[in-house]
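Trainee: I have a structure to go through and some questions about it. Can we take them one at a time?

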Amino acid sequence: MPKELTLPSGKIAIIEKGKGKDLLQAQIKAKTSDEIPYALIAELVEIDGQKLVYEDILEMDLEDVLSLQGEISGKLSVGKAKELPEKTEEKTEIVTALTSALTSPTAKA
């Protein structure tokens, strides 16, 4: 579900939820890893009804960019894995008539 954010400049930003393909597109468009957040903003955000390109984000007012980065960075938070207790292996012995006969002290080779 998209979110609406009023930027410090008064412009209205609509921020889409995003998918893996959006991150991939941002990574492709960014020249360095430092540029990925800006490219991701361009992928996910519409401002005052207009889709922007990566270069538009670079020309925005700093306060607006920082607000968008703050909102997008929450999307980049990765869930923390929880530690699971160690599994203790329980060995279950299945005994059949054949294995009983083979392991019996009276079994003949």
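Trainee: Where does D48 lie?

Mentor: Keep in mind that this is a predicted model. D48 has a positive phi of about 50 degrees although it is not a glycine. With a relative accessible area of 48%, D48 is partly exposed. Its place in the chain is the loop between strand 3 and strand 4.

Trainee: Which residue is the bridge partner of I47 in strand 4?

Mentor: Strand 3 covers residues 45-47 and pairs with strand 4 in the antiparallel sense over two bridges. In strand 4, the residue that partners I47 is Q50.

Trainee: Which residue in the turn between strand 1 and strand 2 has a positive phi?

Mentor: Strand 1 (residues 3-6) pairs with strand 2 (residues 12-15) over four antiparallel bridges, and T6 stands opposite I12. The two strands form a hairpin with five residues between them. The turn residue with a positive phi, about 95 degrees, is G10.

Trainee: How far from D64 is the nearest side chain of opposite charge?

Mentor: D64 is found in helix 4, residues 62-76. Leaving aside residues up to four places away in sequence, D64 touches L7, P8, S9 and K11. D64 is buried yet has no salt bridge, and a salt bridge needs a side-chain nitrogen of Lys or Arg within 4 Å of a carboxyl oxygen. The nearest side chain of opposite charge is that of K11, at 5.1 Å.

Trainee: How many residues apart in sequence are K3 and E71?

Mentor: K3 forms a salt bridge with E71, with the closest N and O atoms 2.5 Å apart. K3 lies in strand 1 and E71 in helix 4, so the pair ties together parts whose separation in sequence is 68 residues.

Trainee: Is E43, the salt-bridge partner of K29, buried or exposed?

Mentor: The closest N and O atoms of K29 and E43 are 2.6 Å apart. This pair links helix 1 (residues 20-29), which holds K29, to helix 2, which holds E43. K29 counts as partly exposed at 44% relative accessibility. E43 has a relative accessible area of 18%, and because the cut-off is under 20%, E43 is buried.

Methods:
Residues are numbered from 1 along each chain as its sequence is written. This is a predicted model: local features need pLDDT of at least 70, side-chain atom pairs count only at pLDDT 80 or more; totals for chains, interfaces and linings use all residues. Side-chain values use heavy atoms; hydrogens and water are left out. Two strands pair if DSSP finds at least two bridges between them. Buried means under 20% relative accessible area, exposed over 50%, partly exposed in between (1.4 Å probe, protein chains only). Lys and Arg count as positive and Asp and Glu as negative; His and the chain ends are not counted. Contact means heavy atoms within 4.5 Å.
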